[in-house]
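Colleague: Could you walk me through this one? I'd like to start with how to read a sheet.

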Amino acid sequence: MSYLTAHAGQIAQLTLQHLGLVLGGLAVAIAIAAPFGILAARVPRAGTPIFSVTGILYVIPSLALLAVAVQYLGLGPAPVIFVLAAYAQFILVRNIATALANVPAAQLDAARGLGMSPSQQFWRVELPQAAPVLIGGLRLATVALIAIATLGGYVGAGGLGDDIFLGLQRKYIDQTLAGSIPAAALAVIVDALFRLLERSSRARLE
Amino acid sequence: MLLGPSGCGKSTLLRSVNRLVVPQSGTVYLDSEDTAEVDPVQLRRRIGYVIQAVGLFSHMTVADNIAVVPSLLQWDRARIAARVDELLDLVGLDAKRYRKRYPRELSGGEQQRVGVARALAAQPPVLLMDEPFGAVDAIVRASLQDEIARIAQHLHTTILFVTHDVNEALRLAERIVVMRDGRVEQYDTPLQIVSNPATPYVRQLFALDEEERRFDSLRASLAQRKT
Amino acid sequence: MTVTRKESLALIGAALVLPKCSGSGNAVRVASKNFGENIIIAEIYAAALERAGIPVQRRMNLGSTQIATAAMVRGDIDLYPEYTGTGLIDVLHLAPMRDPNKLFETVKAAYAHKYHLTWLAPSPVNDSQGLALTQALAKRLNLRTLSQCALAAPKLRLAAIPEFVTRADALPGLRKFYGGFAFADVRTFAIGLQYDALGRGDADVATAFTTDSQIDTDRLVLLRDDRHFWPPYNIAPVVRDAALRAQPQIARVLGRVSPLLTDPVVRRFNYAFNVQKADPADIAQQFVKEHLS
């Protein structure tokens, strides 16, 4: 633990950088996943090609994808956010599609029949009904991104990855712990927060 | 009253009134207006809609459910609140007890009463009901039927009711549209249909042959008793 | 003044992104790849430049040769230490050469023409790739050369770093050049961890770099490249033409550093980093103080 205490301030900053990368990746991921998830829910046939693409993205080794991203986006947070967003698609698109597809049909029929416009149906009925499942998906995606964001170090974007890998290289456990403990703590806290949200949104529905 | 067996097209016919279904040919007139010329969303806000599965929004309170169409029409808060209470009264639910409840806390019968209240909230001239009491048990169904009969008398709303239950039709209808396989077999008052069934199918539907036979055998047994 | 939620989000976003892409002014952006030796040498370049009064920005620990090269070509960094053999085979995809001078001239010409990057004078240190095994196992199987290993491979398990399995100047190339090398099992580990597998007995042969300190501390034997598959891997500063034009003293300053980096010197760096857990920047500062004052 000596490394952690000796570099406490630096590690706090790295943790914030790490969190920033995760949130950036999540925001971009949602912006892309939402339209595709909605499309897959509305048009079942569109689901198959969409899910194939997200599956492929998931399988590409992250470092290779990162190297490609650097060519177009340079060093810094941008290529990391690109890779994080690409990976999250696999979880989010299917999650959004499933969440929307499982909204009770009777409520949708009633919403339409009572005179809600398509966007009113979406915001007032579909989204609240889909909320617990959507939050569950966000939880999974965010925790996954916390792990992948360790790539940040590879392109000068900061984050906790540097200490983890350099520590591993030379068997300097203290340094590795200085990176992995904050990352693990982040994951645990984020997971717990999302579970709380999930529980409260589910309670409103049952 | 749209009456017929499953698959005869009665629900489809009903749903073409509020354009949830678009007819392939023919026109639907509402108040002498061609419904095809009106924005469907605006149209539906003028028509009440009650379905068998009720479809109450489980993430909203009873009051918010009922307030849906008025809030879409942007009524002011006070007016909406007053209307909610008025409607809960109308469907036989104590406003104070039920306003803040959630659908999951209500029985099937109570939920459908709220469903009816929700459909009537914006005072639509027409109310569509698609087998609304099909999902509740017989006792609750009877009391709901009484309720709707009372409401129909009280308001001046035209109700289009879909059912496959002959007794329900006879009990509630001013006029019955008997349907089979997408065609109308007869359209008349209940008395006329029973007195002058138009087709053998209509006779069989109302079990009129049986009734006649039963009547004949009763007459025969009564005649015998006389002697 | 109240800030709307949208505005605060925008500010946070900007705060995260902007510092990273701030212009360097006339600071030289020195980078390194993601292993100790490269970081230390990059820190030495940086320290030497700073001593000469040139401002420096550091972007150490970049993830791979591809990332570093892409960043150079894009102009996100100005300078980093690269190996001549890596440049030839991994970046330019040319056939291996044995003569270190010819190799250097080839790489220098190609980089200048293709990427507008300049290779400055190389150091004597030759950090080549290699295959290592414990002295005990080497004695028992009588394995001393790569040719012998190529034939014995089906009985051996290999612990490799990920790059080794895919690089043209690594396993695929070895197979083509020597034949054989059909290992019974190949498992990949993060840099540095493949030696642990050897130590635990989970592998018989491990991929190595000839300046790794583990060769001394773990008492390992490097197999001799008897047919000279691997080209020399001399380290040299690679710098962007534009940066060199802006600051021509870079060549002179680093020209004083390069001759000082020899095999024993670099192995000592690795020892300090791996075994003594010293900080790369500290190692570099120490070296520069001792040798460049």
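Modeller: Two strands pair if DSSP finds at least two bridges between them. Helices (H or I, at least four residues) and strands (E, at least two) are DSSP runs, numbered from the N terminus. This is a predicted model, where local features need pLDDT of at least 70, side-chain atom pairs count only at pLDDT 80 or more, and totals for chains, interfaces and linings use all residues. Residues are numbered from 1 along each chain as its sequence is written, with chains lettered from A and ligands numbered from 1 in the order in which they are written.

Colleague: In what order do the six strands of the open sheet in chain B run?

Modeller: Strands of a sheet pair through backbone hydrogen bonds, either parallel or antiparallel. Here the order is S4-S5-S6-S1-S7-S8 in chain B, with mixed pairing. S4 (47-51) and S8 (183-188) of chain B are the edge strands with a single partner each, so one side of each has no neighbour in the sheet. S4(B) and S5(B) (residues 126-130) run parallel, joined by five bridges. B:Ile51 sits opposite B:Asp130 of S5(B).

Colleague: And which strands of chain B does helix H7 touch?

Modeller: Contact means C-beta atoms, placed from the backbone, within 7 Å. Axes are lines fitted to C-alpha atoms, for helices over the stretch in contact, and angles run from 0 to 180 degrees between N-to-C directions. H7(B) (residues 108-120) packs on the sheet against S4 and S5 of chain B, at about 165° to S4(B).

Colleague: How do H2 and H14 of chain C cross?

Modeller: The crossing of H2(C) (residues 36-51) and H14(C) is right-handed; that label means the near helix is turned clockwise from the far one by less than a right angle, and left-handed means anticlockwise. Their axes come within 9 Å and cross at roughly 110°, so H2(C) and H14(C) count as roughly perpendicular (65 to 115 degrees; under 35 is roughly parallel, over 145 roughly antiparallel, the rest oblique). C:Gly36, C:Glu37 and C:Ile40 of H2(C) meet residues of H14(C) including C:Phe269 and C:Phe273.

Colleague: Which chains share the most contacts?

Modeller: Chains A and C do, of the two pairs of chains in contact. Chain C gives 26 residues and chain A 22 residues. On the chain C side, H3(C) brings the largest share, five residues. Chains B and C have no contact, and their closest C-alpha atoms are 26 Å apart.
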